[in-house]
Amino acid sequence: MNRRIKYSLVLSLMLILFSLVNFSRTIEAATNNNRILLVYDSRNDVKNDKKNIDALQRSLTSMDLRVKTVPQADYKKGTLNKEYLGVITMINWRQVGLINRNFISDRDKFSGIKLHIGENLTQTEINQLGIKVQKVYQQQFILKEDSNREQLPFSQSITVVTQQADGARQIGTLSTQQKDQRSYPFGYINGKQGYLPFFTNKGLSLIVETQMIAQLFDRVGKFRPLLTITNVTPYTNLRTLDELSKFCYKMEIPFAISTTSVSENTEMKPLIGSRRF
């Protein structure tokens, strides 16, 4: 059998195997409504932040939640009602923010689970969350969760929680890099109310965000995003790929390997001295 074909077949088998082993999860069957309304301000195509909306949708779907996603411009009065388990407000472009008064009014009166992601918290939301907040400018935070650390991209501004309600839960910590290091909650939950200062589609941030949302919506099981290893071709260093796979398995990171079919790369030369199977 052609060496490149063998390579492609083995990688395909690895993809199937690790998808089955690492991405298994246990979900408690929903005993009530599992419909979620996700309302966002803008897709923010300028910064390609529509990926954040897509990632949030995938995270919610992985929790067995039925998501209806609506841009604020399309929201109609009365859409958010008791048929929904919860509502998520996503500020994807802080310069735009929420201006749909019908949605804001319906959200304020809604008695289900509420999650606000991003800037532009209203005073009503702050009161319902039971918090005090402060806007911090031009900072590069470190996200901490247990023994894990991630240095976040530089942010122009971010709204942080400076005072929590009694009995509230904190998931992850944001720390400054100044000498007088200050720490703030990342994910915050107070009863049926939740807050995330931002949502990103990769790294430790995505893992912590997903864990926080799972806790807020009382989902049972481990919910971790799927790491996809892409651009694997017949020229990929298999030893490095093996080491990466073992590391992900050891750290319990669910992952999949995306391979490039040799049938689509007929111009590639055969490998010389490549690993045999």
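Modeller: This is a predicted model. On its surface, Arg43, Lys50, Lys51 and Lys202 gather in a patch of positive charge.

Biologist: Which helix holds lysine 51?
Modeller: Lysine 51 is one of the residues of the positive patch. Its place in the chain is within residues 50-62, and that helix is α2.

Biologist: Is lysine 51 buried or exposed, or in between?
Modeller: Buried means under 20% relative accessible area and exposed means over 50%. Lysine 51 has 46% relative accessibility, so it counts as partly exposed.

Biologist: Which element gives the largest share of the largest nonpolar core?
Modeller: The largest nonpolar core has 37 residues, and Leu56, Ile88, Ile213 and Phe217 have the most contacts inside it. Elements that give two or more residues to this core include α2, β3 (86-90) and α5 (203-216). The largest share, seven residues, comes from α5.

Biologist: Which residues make the nonpolar surface patch, and where is methionine 251 found?
Modeller: Leu244, Phe247 and Met251 make a nonpolar surface patch of about 270 Å². Methionine 251 counts as partly exposed because its relative accessibility is 40%. Methionine 251 is found in the loop between α6 (238-250) and β13 (255-259).

Biologist: What distance separates the C-alpha atoms of threonine 230 and threonine 259?
Modeller: Threonine 230 is in strand β12 (residues 227-232), and is partly exposed, with a relative accessible area of 44%. Threonine 259 is 29 residues apart from threonine 230 along the chain. Their C-alpha atoms are separated by 6.7 Å.

Definitions and conventions: Residues are numbered from 1 along each chain as its sequence is written. This is a predicted model: local features need pLDDT of at least 70, side-chain atom pairs count only at pLDDT 80 or more; totals for chains, interfaces and linings use all residues. Side-chain values use heavy atoms; hydrogens and water are left out. Patches are made of residues with over 30% relative accessible area and no salt bridge: like charges are joined within 9 Å, nonpolar side chains (Val, Leu, Ile, Met, Phe, Trp, Tyr) within 5 Å. Accessible areas come from the Shrake-Rupley method with a 1.4 Å probe; for residues, only the protein chains shown count as cover. A salt bridge is a side-chain nitrogen of Lys or Arg within 4 Å of a carboxyl oxygen of Asp or Glu. Helices (H or I, at least four residues) and strands (E, at least two) are DSSP runs, numbered from the N terminus. Buried means under 20% relative accessible area, exposed over 50%, partly exposed in between (1.4 Å probe, protein chains only). Lys and Arg count as positive and Asp and Glu as negative; His and the chain ends are not counted. The place of a charge is taken as NZ of Lys, CZ of Arg, CG of Asp or CD of Glu. A nonpolar core is a set of buried Ala, Val, Leu, Ile, Met, Phe, Trp, Tyr and Cys residues joined through side-chain atoms within 4.5 Å.
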